[in-house]
Amino acid sequence: MSPKRIIVGVAGGIAAYKACSVVRQLSEAGHEVRVVPTESALRFVGAATFEALSGNPVRTGVFDDVPEVPHVRLGQQADLVLVAPATADLLARAVAGCADDLLTATLLTARCPVLFAPAMHTEMWQHPATVANVATLRERHAVVLEPAFGRLTGADTGAGRLPEPEEITTFAELLLARSDALPYDLSGTKVLVTAGGTREALDPVRFIGNRSSGKQGYAVARVAVQRGADVTLIAGNTAGLADPAGVHVLHATSAAQMHEAVSKHAPDAHVLVMAAAVADYRPVHVAASKIKKAADAAPTIELVRNDDVLAAAVRQRDDGRLPNMRAIVGFAAETGDAQGDVLFHARAKLSRKACDLLVVNAVGDGRAFEVDSNDGWLLGADGTESALEHGSKTLMASRIVDAIAALLRGSGG
């Protein structure tokens, strides 16, 4: 992505210190960053810190640098305005159209995407006034992130914690990459996502696994919840990925545990996204103690096939056991061989699985697994096929969720 002009607004909350990491990450990505704090924010983090991190001067008032007309120019020239943290007071002033400082004036003049990352105590986040203000901002096509659940000021814990800087910058990059807004269109939709690889134990030390990092499934969960969905994420082996803000995360190690978790939660879900790399086989016997190295021969490992979690979900829906389910999405990591190319095998898999959408990735040579970018194809049960352009896994997730939302609209969901 070419460098963009980003305004980072900082409101006066204790989470203002995290804005330093946001500014650093965006600057190191090559963007031109200008920090516009409120006066209250400077009581938590000094202007010199933001100036050092951004390389640009910091101003708070509309009467600073009057010949440059910053209260108009900053918003007019920005490619993105990001406010982190966005306090309850800042959200209220943004809704009211206040322009009594440089940040609120910039919000009024901005015609680019606007992203708010709220941070406040749970009671403030849940207050009807804040709920109404957030709804109004979303109606105006601003993106208001769901806050994380965790430790707040003092001993309190709950919803209202600022998402981690990496998650905030991920959505900033997504809004810059998309040619349209990120809609808030999945309110009331329950989405079940699986992610990561499973591990099938050989003994207390060893296992059979795969290279799936879980990053693509986590990205789908992260995008879906920020579009209003109620998201449950069943995570296999994900190498310590941070839980996405606003997502209910469960963990499953083996294919059997993944199958059990999906079977438990699928009846309540409207959408199932099977992004996990579930092992096709498991050892028939699991040694109770570590298998010792033999001097004469290697041990023989007998395998048995695991249940197909995706195919089972499709059958259950067809049998009427998943009455709420409106869309089932599968994933296929494929390579070509003597029989055919990646799409040949993917089309055959879609026919066998009978899911509504199949996301196809070509793997190998550093592609798809354990990297932050991805590309591929999206195959529909109706015969449609579309390419998923190369980009971040979050961008790819947003296109997948676009397709899911279109399916739901078509089914009346």
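Mentor: Start with burial: a residue is buried under 20% relative accessible area, exposed over 50% and partly exposed in between, using a 1.4 Å probe and protein chains only. In this structure, Arg317 is buried, at a relative accessible area of 18%.

Trainee: What kind of model is this, and how are residues numbered?

Mentor: It is a predicted model: local features need pLDDT of at least 70, side-chain atom pairs count only at pLDDT 80 or more, and totals for chains, interfaces and linings use all residues. Residues are numbered from 1 along each chain as its sequence is written, and side-chain values use heavy atoms, with hydrogens and water left out.

Trainee: How many helices and strands does the protein have?

Mentor: Elements are DSSP runs numbered from the N terminus: helices are H or I with at least four residues, strands are E with at least two. This protein has 13 helices and 19 strands. Its radius of gyration is 24 Å, close to the 22 Å that the globule rule gives for 413 residues, so the protein is as compact as a globular protein of that length. That radius is taken over C-alpha atoms, and the rule is 2.2 Å times the number of residues to the power 0.38. The C-alpha trace spans about 80 × 55 × 40 Å along the principal axes.

Trainee: What share of the residues counts as buried?

Mentor: Of the 413 residues, 51% do. The protein exposes about 19,100 Å², and carbon and sulfur atoms supply 50% of that. Such areas come from the Shrake-Rupley method with a 1.4 Å probe; for residues, only the protein chains shown count as cover.

Trainee: What is Arg317 in contact with?

Mentor: Contact means heavy atoms within 4.5 Å. Beyond four places in sequence, the partners of Arg317 include Leu322, Met325, Ile328, Ala354 and Asp356.

Trainee: Take Ala354. What is the phi of Ala354?

Mentor: Most residues other than glycine have a negative phi, and most peptide bonds are trans. Ala354 has a positive phi of about 60°. Ala354 sits in the loop between H12 and S17 (357-362) and is partly exposed, at 42%. His141 also calls for a look: its phi is near 75°, a positive value in a residue other than glycine. His141 lies in the loop between H7 (128-139) and S5 (143-144), and at 63% relative accessibility it is exposed.

Trainee: Where is there a cis peptide bond?

Mentor: A cis bond joins Ala84 and Pro85, with omega about 0°. Pro85 belongs to S3, residues 80-86.

Trainee: How does a loop residue get buried? Which residues does Leu186 touch?

Mentor: Leu186 is in the loop between H8 and S8 (190-195). At 4% relative accessibility, Leu186 is buried. Outside four places in sequence, Leu186 touches Ala224, Arg227, Gly228, Ala229, Val401, Ala405 and Leu408. Across the whole protein, 68% of contacts between residues at least 6 apart in sequence join residues at least 24 apart.

Trainee: Now the pockets. What is the volume of the largest pocket?

Mentor: Rolling a probe the size of a water molecule over the atoms shows where empty space is left. On a 1 Å grid over the protein atoms alone, a pocket is an open set of points where a 1.4 Å probe fits, with protein on both sides within 12 Å along at least five of seven lines; lining residues have an atom within 4 Å of a point. Points join across faces, edges and corners, and a volume is the space filled by probe spheres set on them. The largest pocket here has about 920 Å³. Of its 36 lining residues, Ala276, Ala277, Val278, Phe331 and Lys349 are the closest to its centre. S16 gives the largest share of the lining, four residues.

Trainee: And how much space lies in the second largest pocket?

Mentor: About 680 Å³. Its lining has 29 residues, with Glu166, Glu167, Thr170, Arg222 and Ala242 nearest its centre. H8 supplies the largest share, five residues.
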